[in-house]
Amino acid sequence: MREITVPKLNNNDDSYVLVEWLAQDGAELAADAPIAVIETSKAAEELAVAEGGVLLQVAQVNASCAAGSVIGRLFPTAQARQEFLGAAQPEHRDGSPPSGDVIVTRPAREAAAEFGIDLTDLRVLGKNVLRRQDVEEFAATIRAQTPQPEDPQTEAAGEGIITLPAVQQAVGQVVTQSHQSIPAAFAAIKIPADAALGRQAGRPPEAPPIGLPELLVQAVAALRERHPLCFASYRGDGTVSVIGGAHVGVTLDLGRGLFVPVVRDAGARSLDEIAGVLTDFRISALRGSFRAAELAGGNITISLSNDADVVLARPIVFPGQTCVLALCATQEELVRTPAGEIATRRYVNVGMSYDHRVLSGRDAIAFLHEIKRILAAPDHPSDAGTGDLDGN
Amino acid sequence: MPESERVVTNLNRALGALLDKDQRVYVLGEDIGDPYGGAFKVTRGLSTRFPGRVLSTPISESAIAGVAGGLALAGDRPVIEVMFGDFAGLCFDQLYNFAAKSVSMYGHRVPMPMIVRCPVGGNRGYGPTHSQNPQKHFIGIPNLSLWELSPLHDNAVVLDRIMDRGEPAILFEDKTLYSRRMHRDGVISGPLRFDFPGGDGNWARVYVGRPDPADYVIIAPGGLAERAWQAAADLLVEHELTGQVLVPSRLYPVDLEPLLPAVRDAGLICIAEEGVTGGTWGAEVANQLYGRLWADLKRPIRLVSSADSVIPTAPHLEREVLVQSETIYRAVCEALDA
C-alpha cells in the first residue's frame, strides 16, 4: 500500500482544496494516470500517480488538504484494498483530524490525574470547556454517589438472607480474629487542637493539606524509639517481635470499603511527604484501588474517626499489632484564660485500644500524653518529639 | 459536513454580486483580467462575466486611484485593486487631496462611493516592500473610512455597507486570509463561537463556549483575528483565563459604542494589530477607550504591534518581527501576571 500525498504547490497557501476526483474510488489505475484536481489560491493542478494500483479515496471533494497530507491510498490489488478496509478503523474521510468539541484546560488535566478520573467520563457533564473546578466537583459527586457497600438500609425493607459485600466479609474476619485473640483495653485523652489546626494557615494552595491526621501520623512515628512495645507484635509465648521503623497504617473509608494503607517509615519522612502520601491514599481510597504493597507491613494503626461530632471511637487492635489510635472529631469548648477571660478553643479526643498482654495502662497513658504534648506544641511537632518529655 | 467557502471565494462572489446588481460598478487594477485573475485571484472570472467593466490597467497606482476618483465624481462606483497595499502610498495624494475632500469641499455633500482594495500583511516571505500594514497612515482623514477583511464578516454585506456610505473607503485584506475558510452560523471550530453584539454587525465577538464575564478582551482586526483567538484558546487551556476577541469590520471611524458593555468589566483590554509600532490604530482606539472608560479600567490598555523594523524576507526573521499568536498570549499573560 502506498499513500498518495499532496505535493507542495506554492509558498502562499497553508492548504489547498481538493476540487475534483478524476479517478473513481476502487478504480484500477495505470502509472501516470491523473487522479484529482487540487486548487491553490492561484491555480488548479492535476495530480497523477507515479505508479499504478487500485485507488482508495481518503479525502472528500471540497476538503482542505495541506501539502503532505494523505488524500488517497494505492493498493497492488483490489483484494489488498478490501483487506485494508476490513482492518482499518473508520477513517476521518475528510482527511482532517477530528475536531475536538471539548477544551480541557491543563489545570483540569492535572486534577483528573490527581483524582484518578478518566477525562472521557467527564463528557457526561455536557460542558465544552472543562476546568479544574469541574473535575473537582465531579470527583466529589462520584464520592457522594458511590453506593456504600455495607449499607444495610438498601435491603432492609425485604426479608430473607443478604450476602454481605466481599469487603465487609473481609473486615468481619479481621475483627473476629482480633476479638477472639486480643484482650484489648482502652483509654482516651483530650488534646487542645488550636496549635495543630493552625499549621495549615499560610500554606500554598497547591501543597497537600496538613491537618490532624497528618500531624498525628508524624507524632506517632516520632515516638517509635521511646515506645517500641507500641510498635511490636505479640508472639504468644511471652515475647514480642519488633521490626525497625514506624510504619503507620491509616484507616480510610471513602465509600469504596475500608482500607488501611501504610505510611512506610513515617519517622523518616517530613510532614510534607506524609501529607503527600496521605493525599495519594485518599485518591486511591476514592477509586477503591490500592497496590498490595501499600496495604502491608504496618506496625501501628491510626483509625480516622474524625467525622463531625464523633466524640469517642474504640477501634479493634489489628492482629499482629499491639495498639491502635482513634482520632475523633474536632470540637469546641469554652475555657478560662490565665487572664481570667472566657475564650473558645478547639480540642480532639484521641482514643487508644491496646493489647493488655503487652502494654499496661500506664504505658498506654504515657504514650497518649506524649502525643498530646507533641500535637499541642505550637512549634514543629517533630522537634517536640524528643528532648524533655521524660518524666511525664 | 461540507466546508464553508474560502475567504477569496467569498470576496470574489461579493464583487460579482456588486457588479451584477449595479451597472455603475467598475473594477480596475493591475492584471486583474482573466485568465490571470489578479495576483491573489480575487477577481478571477469577473472580466469574463462583466466585459468592459472589469479592466486591467497600466502599472500606476496613482493613475488607477485618479481614474476611480473621477468615476466616483461622475456618479459611478469604482472598486480598485492595489496589487500590494504597500503601494497604497502612491494613491495617497489622490485619496487625501481629491477623493475624500470631494465629499465635502464643494459646499454641498457629493457622494464619492469608491473602494480601494489593498492586500496587506506578512508571514508570506515577501519581504520589506510587499508585507506591510499601512492602515495607520490613512487614519484621521475626513470622509475616508477604513475597513478590514475578516473571516467572520460576509463580504457581500461589507461591500454594500461601504458603498452605501457614499465616501471613499480602503478595504485592507490580510493576504493570509484568502486561502482560509469563512466561518458561519456562529461556529469557528470546537467550542469556539462568535456573534455580533451591537446589532449593526460591525463588531464580531469570538468566545469559547459562552461569552463569559471576561478576564480580558482582545481587540484585533480581521487579519489578526485567527492569531488572537488561538491566543485566547491557549490562555484558557494553560491558565483558565476567559476572554473575548472583538473583531471589527470597519476600523475607522471607530465605533466603540457596541463594545463598551463587553470591555467595561474586563480585567484587561489588549489591542493587537500587525502593523509596526508607533502612531498605530491601536493607539487611536486606546485613546478613545480611555476617554470613555477611565474610571472603570482595571489596568492600562495593552497595545500589541509588530516590532519597530522593516519586515525581513527570511521566514524565521519575519516571524520574529510580526505579531504572532504567542506575542498576544505573552502580552496578556504579562499584563495579568498569569
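Me: Where do I start: when are two residues in contact?

Reply: Two residues are in contact if their C-beta atoms, placed from the backbone, lie within 7 Å. Take Ile328(B): setting aside neighbours within four places in sequence, Ile328(B) is in contact with residues including Ile218(B), Ala228(B), Cys270(B) and Val304(B). Keep in mind that this is a predicted model, where local features need pLDDT of at least 70, side-chain atom pairs count only at pLDDT 80 or more, and totals for chains, interfaces and linings use all residues. Residues are numbered from 1 along each chain as its sequence is written, while chains are lettered from A and ligands numbered from 1 in the order in which they are written.

Me: What is a nonpolar core?

Reply: In soluble globular proteins, nonpolar side chains tend to be buried together. A core is a set of buried Ala, Val, Leu, Ile, Met, Phe, Trp, Tyr and Cys residues joined through C-beta atoms within 7 Å. Buried means 20 or more other C-beta atoms within 10 Å of a residue's own; exposed means 12 or fewer, and partly exposed lies in between. Here the largest core has 114 residues, and Ile328(B) is among those with the most contacts inside it. Helix 6 (residues 222–239) of chain B gives the largest share, nine residues; helices are DSSP runs of H or I, at least four residues, and strands are runs of E, at least two, numbered from the N terminus.

Me: Why does Asn299(A) count as buried?

Reply: Because Asn299(A) has 25 C-beta neighbours inside 10 Å. Its place is the loop between helix 9 (292–295) and strand 18 (300–304) of chain A, and Asn299(A) touches Phe231(A), among others.
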